[in-house]
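Please look at the sequence and the structure below before reading on.

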Amino acid sequence: MKVLREIFGPIPGIGDASLYTITNSNGITLKVSDYGCTIQSLLVPDKNGKPGDVVLGFDKLEGYLQDHPYIGTIVGRYANRISNARFMLDGTEYRLVQNHGKNHLHGGAVGFDKVLWQASEFADKKGAGVSLEYVSHDMEEGYPGFLRVSVTYTLDDENQVCIDYQATTDKPTHLNLTNHSYFNLNEAAEEVYDHELMIASSRYVVTGRDLIPTGEIRSVEGSPLDFRIPKPIGKDIHEVEGGFDLCYVLEGDGKTTVLAARVVDPESGRCMETLTTEPGIQFYSSNFLAGITGKGGIPYRKHLALCLEAQHFPDTPNQPDFPSTLLHPGETYNQRTIYKFSNTQDSP
Ligand code: BGC
């Protein structure tokens with residue numbers, strides 16, 4: 001396996017962004033850009049062996065330079081919401097950029113999705129990929145600490161796209177990273193209503209106004225949010241206002257990856273499993289997607305894709321009972337999340 005690099009396009013005032021292409025021996029091709037640390041394209045064979053793109057994105061860099069809802073990017077410093085864009089830490093109040101009403105969403109006005117990362121490619125026996133690094137300065141978007149972040153995308157011959165995250169800080173800070181890919185296993189031919197989804201979770205983080213957690217964790221039992229037994233996304237979506245946009249609680253130990261979700265598209269036969277070390281997974285059925293044209297001229301619209309964002313719970317800095325997102329000097333933040341592909345023709 002090897003990695004090819006090409007110029008993706010110029011970022012005004014900054015320099016050229018690159019696009020890295022990694023192909024495995026089973027016909028999967030992953031493209032990653034250093035702008036926003038973004039998965040730009042992911043070709044996966046269907047049940048007849050025909051490769052097709054399973055992620056939303058843009059053909060050209062300009063698409064990523066416009067305002068867009070984090071399509072394929074890394075999100076940070078804090079994926080999801082922080083209420084009132086503030087938190088207290090060691091007796092000091094930190095005020096973050098308010099970029100979602102009075103709240104803070106996905107790292108602020110210029111988050112990790114809107115910066116150029118330093119990339120280096122690699123290929124070894126286990127797979128090939130790209131490692132990307134970004135240094136976030138003290139008080140960037142309001143967060144304390146000089147933070148060094150690295151994200152490594154690896155594609156292997158087990159048909160896994162593995163995302164490894166690491167970070168260190170020189171001051172206590174909060175950190176919650178994720179990848180924000182929008183998946184449609186049927187090449188965005190139609191809304192994801194027929195995709196069959198299983199989420200290995202019996203509890204979710206209850207939210208109130210503006211999708212801010214109330215602090216309650218509730219059972220999915222007997223509700224349209226219950227995906228423990230696989231069901232088509234469209235089955236109950238209209239019973240949930242706007243569609244699905246919630247964080248499910250996972251039961252891993254934080255060190256080893258556990259199966260969080262499995263999605264199957266019966267038409268193309270493509271299947272994807274999400275495994276993660278994180279304590280939560282946000283299932284977002286692209287409820288607010290609208291008004292942008294994506295790859296191949298496809299109008300991106302509501303419910304065209306699903307995001308399965310491995311992460312800590314929203315608003316943890318203001319919720320003392322949630323698993324902590326604090327990172328201290330001397331510690332290393334570690335996360336591994338895997339998207340693993342197969343198809344209905346594969347033997348189990
Ligand atoms: C959130 C949505 C938000 C979307 C795009 C998702 O992670 O859960 O509420 O609209 O990102 O910003």
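Predicted model: local features only at pLDDT ≥ 70, side-chain atom pairs only at ≥ 80, totals over all residues.

## Aromatic residues

Phe8, Phe58, Tyr64 and Tyr300 form a single aromatic cluster. Across the whole structure, a search finds 15 aromatic pairs. One of these is formed by Phe87 and Tyr143: the ring centres are 6.3 Å apart and the planes meet at 40 degrees, so the pair is classed as tilted. Distant parts of the chain are linked by this pair, since Phe87 belongs to strand S8 (residues 86–89) and Tyr143 to the loop between strand S12 (127–136) and strand S13 (147–155), 56 residues apart. Phe87 and Tyr143 are both buried.

A further tilted pair consists of Trp117 and Tyr134, with 5.7 Å between the ring centres and 40 degrees between the planes. This pair also links distant parts of the chain, 17 residues apart: Trp117 is in the loop between strand S10 (104–105) and strand S11 (118–124), whereas Tyr134 is in strand S12. Both Trp117 and Tyr134 are buried.

A charged side chain may also accompany a ring. Lys231 lies over the face of Phe227, at 4.4 Å from the ring centre.

Why is S13 described as largely enclosed by the rest of the structure? Of the nine residues of S13, eight are buried, and therefore the strand is largely enclosed. A residue counts as buried when its relative accessible area is under 20%.

S13 pairs with S12 in the antiparallel sense, through nine bridges. Among the paired residues are Thr154 and, in S14, Cys162. The hairpin of S13 and S14 has four residues between the strands, and Asn159 takes a positive phi near 65 degrees there.

## The ligand and its surroundings

Which residues are found around the ligand? They are Tyr70, Arg81, Leu105, His106, His180, Tyr182, Leu211, Asp245, Gln282, Tyr284, Phe288 and Glu309.

Several of these residues place polar side-chain atoms by the ligand. Arg81 has a polar side-chain atom 2.6 Å from a ligand oxygen atom. For Asp245, a side-chain N or O atom is 2.5 Å from an oxygen atom of the ligand, and for Glu309 the corresponding distance is 2.8 Å. On its own, the ligand has 300 Å² of accessible area, and the protein covers 95% of it.

Notes: Residues numbered from 1 in each chain as written. Heavy atoms only, no water. Phe/Tyr/Trp six-rings, centres within 6.5 Å; stacked < 30°, edge-to-face > 60°. Helix = DSSP H or I, 4+ residues; strand = E, 2+ residues; numbered from the N terminus. Buried < 20%, exposed > 50% of the residue type's maximum accessible area, 1.4 Å probe, protein only. Lys NZ or Arg CZ within 6 Å of the ring centre and 35° of its normal. Pairing = 2+ DSSP bridges. Near = heavy atom within 4 Å. Polar contact = N/O pair within 3.5 Å; in protein donor to acceptor, adjacent residues only side chain to side chain. Areas by Shrake-Rupley, 256 points an atom, 1.4 Å probe, with all protein chains shown as cover.
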